[in-house]
Amino acid sequence: MSNNRVSRRQFLGYTLTGVGGFMAAGMLMPMVRFAVDPILQQHDAGDYILTDQAVADLTEEPVRVDFAYEQVDAWYTSEVTSSAWVYKEGDKIVALSPVCKHLGCTVNWAADPEHPTQFFCPCHAGRYEKNGQNIAGTPPLGPLDEYQVEERDGYLAIGAVQANTIV
C-alpha cells in the first residue's frame, strides 16, 4: 500500500473525470462510426447494365433506351427503371441522361416542333443541343449528364452517370 492517501476531493475529481470520459466516448463513438463507415463500404458504381439495344442499330438520331437495375437500400431491395438518350457520333456512342438540370423534369428529343434537332423540357420550355449543352436564354443551368457506355456482345451496356464530357 501506498502512504499517499487520496483525499475526498481527489477521489471525487477522479470519479467525475472517469464518468465524464466514459460518457463523452459513448457520445463520440456513433459520430466517428457515422463518418468512417461510408469509407469502408464496398461500392458497385462501376457495374454496367446490359440493355436490349443493339449497337449496330444506333444512328446519329437519338433514341430512348430504357433499362432497369436492382437497388438495395438497407434491407429493402427494389427494381429501378431509368432511361437514356443514345446516339452515335462517328464511332463513339453517346448516352445522355434525360433529367433536366433545371427542375429534374424529363427531356425528350425533337418534342418541340420549332426546334426539331434539340432536346426539349416541357416543364419550363428548356432546351438542349444534341450533345446535351444547355441553350442560353432557356431555364437549364447546365448541360445534361452523360452515362458511361460500353459494348458487350453487340449490345449497349450503360454505366454510372457522370458530368457531361462532350461540351
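How many disulfides does a search of the whole structure find? The search finds one disulfide, the term meaning a pair of cysteine sulfur atoms within 2.5 Å.

This is a predicted model, in which local features need pLDDT of at least 70 and side-chain atom pairs count only at pLDDT 80 or more, while totals for chains, interfaces and linings use all residues. Residues are numbered from 1 along each chain as its sequence is written, and side-chain values use heavy atoms, with hydrogens and water left out.

Select C105 and C123 to see the disulfide, with sulfur atoms 1.9 Å apart. The link is left-handed, at -105° about the S-S bond. C105 sits in the loop between β4 (92-96) and β5, and C123 in the loop between β6 and β7 (126-128), so the pair ties together parts 18 residues apart in sequence. Strands are DSSP runs of E, at least two residues, numbered from the N terminus. C105 is buried at 18% relative accessible area, whereas C123 is partly exposed at 38%. Buried means under 20%, exposed over 50%, and partly exposed in between (1.4 Å probe, protein chains only).

Next, select C100 and C121. C100 is in no disulfide, and its nearest cysteine sulfur, that of C121, is 3.7 Å away. C121 is in no disulfide either. C100 is buried at 4%, and so is C121 at 2%.

Then select W109 and F119, an edge-to-face aromatic pair, 4.9 Å centre to centre with 65° between the planes. Rings of Phe, Tyr and Trp (its six-membered ring) pair if their centres lie within 6.5 Å; planes under 30 degrees apart count as stacked, over 60 as edge-to-face and the rest as tilted.

Technical notes. Helix = DSSP H or I, 4+ residues; strand = E, 2+ residues; numbered from the N terminus.
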